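Hi,

Here's the structure I said I'd pass on to you.

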Amino acid sequence: ERGGPTSHTSILARSLGLPAVVGCAGALDVADGETVTVDGTTGQVCAGVTEDEVTRVRERAEAERARLAGGKGPGRTADGHPVDLMLNIGSAADLAGVDLTDVAGVGLFRTEFLFLDRHDAPDLEEQVAAYTEAFALFERGTIVVRTLDAGADKPLPFLGLPEEPNPALGVRGLRVARDRPEILTTQLDAIAIAAERTTADVWVMAPMVSTRTEAEEFAARARDHGLATAGVMIEVPAAALRAARFLDVVDFLSIGTNDLSQYTLAADRQAGGLADLLDPWQPALLDLIGRCAAAGKASGRSVGVCGEAAADPLLAPVRGGLGITELSMSPRALPAVRASLAERTLADCERLAARALE
């Protein structure tokens, strides 16, 4: 009955391949044992459905699975324009059993899962072991590691940060290093050591970067630790508006649409009642994404999308039309996104993007 489309409940359901609808009024009134259909794409939930309706739903689902199973190869449009398809993971376990043949790499390694539900931060050795395990599973591709994204909806008590009246606008992401610089130092050390132990092409990026100065300082720290490719996440409008200047000092950008939606539309991502404002089709959000993509094209640098909206097959052509070079998502979303891109030419994608921006 509660929650928003970019809440962590939704993210977990999507990563597990569970059809889910949040913010569904009346959901708790459905009787135990009653047959329901759930469409996670349209957000429609129907209770008290007949056996005939159940049969039709299952037939449609089977037909869709068959359509997606036929898609192979790297991400590209019908006329061959490349859009790299990458994975979002929280640990090496997320790569278990995944066919990595046509996957360009890991576009988002969420390292915070190693830090959650603990009384103390993981030490250097524990972090090195966790990162090495993941890197070893993808030694032929790129792995983009996000440094600790803590704060707001992911509090870590051991950080000892003071309570804040508005955590979403407070000390989170890279800002934690202002008070606890040793946390970032240890993590960069661990990532660098793990990278040396494997042949994976390891990139590193910082979350919640707002200014060019922050971006430049993070990139310098990363390179001082031997990590040659450093980037930042674009999660606040200030960063998106200055994307071109950021690319003067970092190697790539990765757009976190969940938070960029939240801050652009001033709507808490946990607020189910504001789901319409968090819609990834919002023109203002697409406009900011387009600005970042244009900056990347002008500088010859990669600009990807790793937020949950990257997993939306209907949005994938729009992202491609805006000039995004990479889409990173949960493994289960790959077939549908690949198929959606393959069904359209680049010109089709550009027309869809222009229409979405109107």
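**What I found**

Let's start with Arg212, which is partly exposed, with a relative accessible area of 27%. On this scale, buried means under 20% relative accessible area, exposed means over 50%, and partly exposed is in between (1.4 Å probe, protein chains only). Before going on, please note that this is a predicted model: local features need pLDDT of at least 70, side-chain atom pairs count only at pLDDT 80 or more, and totals for chains, interfaces and linings use all residues. Residues are numbered from 1 along each chain as its sequence is written, and side-chain values use heavy atoms, with hydrogens and water left out.

**Charged pairs**

Side chains of opposite charge can pair when their charged atoms come close. Arg212 does this with Glu216: they form a salt bridge, with the closest N and O atoms 4.0 Å apart. (A salt bridge is a side-chain nitrogen of Lys or Arg within 4 Å of a carboxyl oxygen of Asp or Glu.) The two sit four residues apart in helix H6 (residues 212-224), which means about one helical turn lies between them. Helices (H or I, at least four residues) and strands (E, at least two) are DSSP runs, numbered from the N terminus. Glu216 is partly exposed too, at 40% relative accessibility.

How many salt bridges are there in the whole structure? A search finds 15. Another one joins Arg118 and Glu126, whose closest N and O atoms are 2.7 Å apart. Arg118 is partly exposed at 25%, and Glu126 is partly exposed at 32%.

Is the next pair, Asp149 and Arg172, buried or exposed? Asp149 counts as buried at 2% relative accessibility, and Arg172 is buried at 1%. Their salt bridge has its closest N and O atoms 3.9 Å apart. Both residues lie in the loop between strand E5 (142-146) and helix H4 (176-179), so the pair ties together parts that are 23 residues apart in sequence. Asp149 and Arg172 also belong to a network of salt bridges that includes Glu112, Arg146, Asp259 and Arg269.

**The nonpolar inside**

In soluble globular proteins, nonpolar side chains tend to be buried together. A nonpolar core here is a set of buried Ala, Val, Leu, Ile, Met, Phe, Trp, Tyr and Cys residues joined through side-chain atoms within 4.5 Å. The largest one has 87 residues, and those touching the most other members are Phe109, Tyr131, Phe135, Ile234, Leu253, Ile255 and Leu327. Helix H5 (residues 181-196) gives the most to this core, with eight residues. Another core, of seven residues, lies apart from it, with Leu108, Val144, Trp203 and Cys306 among them.

Have a closer look at Ile255: leaving out residues up to four places away in sequence, its contacts (heavy atoms within 4.5 Å) include Ile234, Leu260, Ile289, Cys292 and Val303.

Beyond its neighbours within four places in sequence, Gly105 is in contact with Leu85, Met86, Leu87, Phe138 and Thr142.

Why is helix H12 (residues 334-342) largely enclosed by the rest of the structure? Because seven of its nine residues are buried. Among what covers them are helix H2 (51-69), strand E3 (84-89), helix H11 (316-322) and strand E10 (326-329).

Helix H10 (residues 283-299) has 17 residues and reaches 24 Å from its first C-alpha to its last, close to the 24 Å expected at 1.5 Å a residue. (The expected span is 1.5 Å times one less than the number of residues.) Its buried residues include Leu285, Leu288, Ile289 and Cys292. Just after H10, Gly300 takes a positive phi of about 75°.

Asp117 has a positive phi of about 55° although it is not a glycine. You'll find Asp117 in the loop between E4 and helix H3 (124-136), exposed at 83%. Ala266 also has a positive phi of about 55° without being a glycine. Its place is the loop between helix H9 (257-265) and H10, and Ala266 is exposed at 69%.
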